Amino acid sequence: MEQVKFTAMKDGDKEDYDLLSMHEIEYAKGTADRLLKALVQLDESLSGYQITRLGHSLQSATRAWRDGADTDWIVSALLHDVGDIFAPHNHDEYAAAILKPFVREQCTWVVQTHGDFQLLYFGEHVGADPMKRDRHKGHIYFDDCAEFCERWDQSSFDPDYDTMPLSFFEPMVHETFARDAYDPAVLRKGGREPLVNPERAALRS
């Protein structure tokens, strides 16, 4: 059987849904490759900066790697703006939804809310509240998001920065999206890891 028998989902039987499950599992295996292609497509999104959106993503991830961050942080920094292509008005939520099944809850929350925190740097110039991030005060990951934006996001628009190529990060993306979705050992609800690990950073320098 190559296709399901039904034309309405309520009419499907176990054979139909076993077939679909097989196809969905196989399709999911290509998630990392599709995301890597989407990163390249970022160069077709918002322009006007001194570097491309792909360049910004790579620079953010490079800074994270050089700070000794773990794989969850690095992949989150790399993909934090991937939503710019299809969801320019809520790109942070879009990217977080992609990451949510595969990275630590801490990283997902930071990516999901980084748009509010970034307004600190430019909100006053565009008629937005630069302190919008204050609505998240008291959250366990508040300081992590503030540091993410300060160290890796707002600072990563430098055309002279020595940025690593996408190929450097490809194995990390594949490793992350090969994990079992929603594995509690990966999500680590309430768990925190520092953005900066001096010992690991020293080994990478």
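This is a predicted model: local features need pLDDT of at least 70, side-chain atom pairs count only at pLDDT 80 or more; totals for chains, interfaces and linings use all residues.
Beyond H3, the chain continues with Gly 68, a residue whose phi is positive, near 85°.

The largest nonpolar core comprises 43 residues, among which Phe 169 and Phe 177 touch the most other members. At least two residues of this core are supplied by each of the helices H2 (31-41), H3 (53-66), H4 (71-79), H5 (91-99), H6 (105-122), H7 (142-153) and H8 (166-177). When neighbours within four places in sequence are left aside, Phe 169 is in contact with Leu 58, Ala 61, Thr 62, Trp 65, Ile 74, Leu 78 and Met 164. In soluble globular proteins, nonpolar side chains tend to be buried together.

With a disulfide taken as a pair of cysteine sulfur atoms within 2.5 Å, the count of disulfides comes to zero. Cys 107 takes part in no disulfide, the nearest cysteine sulfur being that of Cys 145, at 11 Å; Cys 107 has 0% relative accessibility and therefore counts as buried. Cys 149 is likewise in no disulfide, and its nearest cysteine sulfur, again that of Cys 145, lies 4.4 Å away. Because its relative accessibility is 1%, Cys 149 also counts as buried.

Note on methods
Residues are numbered from 1 along each chain as its sequence is written. Side-chain values use heavy atoms; hydrogens and water are left out. A nonpolar core is a set of buried Ala, Val, Leu, Ile, Met, Phe, Trp, Tyr and Cys residues joined through side-chain atoms within 4.5 Å. Buried means under 20% relative accessible area, exposed over 50%, partly exposed in between (1.4 Å probe, protein chains only). Helices (H or I, at least four residues) and strands (E, at least two) are DSSP runs, numbered from the N terminus. Contact means heavy atoms within 4.5 Å.
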